[in-house]
Amino acid sequence: MQLGTAEHDSSFNRGTTAKNCTRVTWFLLLGLTEQAGLKGILSALFLFIYSVTLTGNLAMITLIHADPQLRTPMYFLLSILCFIDSSFSALNTPRLLESFLTSSQSTSFAGCVVQMTLMTLHGTAECLLLAIMAYDRFAAIYHPLLYHTVMSQHLCVQLVAATYTASVANSALLTGYIFKLLYCGPNIINHYVCDIPLVLQLACADVAKAEAIVFSSSALIILFTITIILVSYADILVTICRMRSLNAQSKELSTCASHLAVICLFYGTITFTYAQPSSHSSMEQNKVVSVFYTVIIPMLNPLIYSLRNKDVKPALKRRCLDMLPS
C-alpha cells in the first residue's frame with residue numbers, strides 16, 4: 001500500500017482505476033498536535049472534560065426520568081439531547097486521548113467508515129433536535145393552555161423517531177457514497193478523526209460529485225433547521241411583546257435562554273468551521289474548532305440547562321434530599 005504525506009495535490013492519482021489500484025486498508029491519523037510538551041497537559045485536561053461530560057449528561061438524563069415534575073415534553077427532548085451529547089463525546093474523546101499517548105494513530109478502513117457514519121448521524125440528529133426544541137418552546141408560549149395536547153408524549157416520540165430515521169438515512173447516504181470511491185494512497189489524515197473533507201482529499205478519483213452531495217446534504221439540513229428555529233423564535237418574540245406584564249415577559253424569555261445559548265454555541269461553531277478558507281492555518285484552526293464541537297459543547301450543554309433553569313436546580317435538591325438517610 002502506498003503511503004504519502006498529509007499535504008498532497010488534490011489531483012493526485014485522479015486517473016487511477018480499480019485494476020492498477022492497491023486499495024488502502026488503513027488510515028494514519030496525526031492527531032490534534034505534534035508538540036510533545038503539550039500532550040501531557042492536554043491529556044489531563046480532556047480526561048477531566050470527558051469525565052464531566054459523561055457525569056453531567058447521564059446525571060441530567062437520570063434526573064429527568066426520576067423526577068415527576070420534569071416529565072414534560074421540554075425535558076423529554078432535553079434528555080434526548082443529553083443522550084446525543086454523551087454518545088458524541090464517547091465516540092470522539094477517547095480517540096483524542098489516545099492520540100496524546102502516541103505520535104500517530106492508525107485506524108482500519110472499516111473503523112474509519114464506522115466513525116464517520118456515527119459522527120454524521122449524531123451531528124445530523126443534534127441539528128434536527130434543536131429545531132424540534134425550538135418548536136416546543138413556541139408551543140409552550142404560544143399555546144400555554146394546550147401545550148401538553150399540542151406536544152403530546154406520542155408526538156414527541158414520533159418526532160425523535162423521525163429525527164433518528166432522517167439522521168441514519170443522511171449518514172448512510174454520505175458515508176456510503178464517500179467510501180465507494182477508490183483510495184489508493186496517500187493514507188495520512190491530518191486530524192484526530194476521519195473528517196469528511198480530509199478523507200475526500202485522499203480519494204484517487206474525481207470527488208466533485210461527492211463534494212456536491214456533501215454540500216447539498218449539509219446545506220439542506222442546516223437551512224431547514226435554522227428556518228424552523230428562526231420562525232419559531234420570531235413567533236415567540238411577537239407573543240412575548242404582546243404580553244402586558246413585564247414579569248410574564250421575563251419568565252417566558254428565561255425559559256428560552258438556555259436553548260438559545262445551546263443554539264448559538266452549536267451553529268456558531270458550524271459557521272466558523274465552514275466559513276474558513278482552505279489553507280494550512282485554517283486546517284489547524286478547524287482542528288481546534290472540531291475539539292470545541294465534539295468535546296467542549298457536549299460538556300457545556302447540561303451545565304447551561306442546569307445552571308440557567310429554575311426547574312432543574314430544585315429537582316436536583318429534591319433528589320439529593322431523597323438520597324439522605326432519614
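**Sheet, helices, cysteines**

I began with strand 1 (residues 26-29), which runs parallel to strand 3 and is joined to it by two bridges. The model is predicted, and I read everything below with that in mind. I then picked out leucine 28 and looked for its bridge partner in strand 3. That partner is isoleucine 188.

**Helix 2 against helix 5**

For this pair I wanted an angle and a distance, because two packed helices are described by the angle between their axes and the distance between the axes. Helix 2 (residues 73-101) packs with helix 5 (residues 153-178) at an angle of about 25 degrees. Their axes are 10 Å apart. Angles under 35 degrees count as roughly parallel, so helix 2 is roughly parallel to helix 5. I also checked the hand of the crossing, and it is right-handed.

Which residues make the contact? From helix 2 I listed Pro73, Phe76, Leu77, Ile80, Phe83 and Ile84. From helix 5 I listed Gln153, Cys156, Val157, Val160 and Tyr164.

**Cysteines**

How many disulfides does a search of the whole structure find? I got one. It is formed by cysteine 112 and cysteine 194, with their sulfur atoms 2.2 Å apart. I located both ends of the pair. Cysteine 112 is in helix 3 (residues 109-142). Cysteine 194 is in the loop between strand 3 (188-189) and helix 6 (196-201). The two are 82 residues apart, so I logged the pair as a link between distant parts of the chain. I then read the torsion about the S-S bond. It is about -135 degrees, so the disulfide is left-handed.

Are cysteine 112 and cysteine 194 buried or exposed? Both are buried. I looked up two further cysteines. Cysteine 82 has a relative accessible area of 2%, so I marked it buried. Cysteine 241 has a relative accessible area of 56%, so I marked it exposed.

Definitions and conventions
Residues numbered from 1 in each chain as written. Predicted model: local features only at pLDDT ≥ 70, side-chain atom pairs only at ≥ 80, totals over all residues. Heavy atoms only, no water. Disulfide = S-S within 2.5 Å. Helix = DSSP H or I, 4+ residues; strand = E, 2+ residues; numbered from the N terminus. Buried < 20%, exposed > 50% of the residue type's maximum accessible area, 1.4 Å probe, protein only. Pairing = 2+ DSSP bridges. Axes fitted to C-alpha atoms, helices over the stretch in contact; angles between N-to-C directions. Parallel < 35°, antiparallel > 145°, perpendicular 65-115°, else oblique. Left-handed = near helix turned anticlockwise from the far one by under 90°. Contact = heavy atoms within 4.5 Å.
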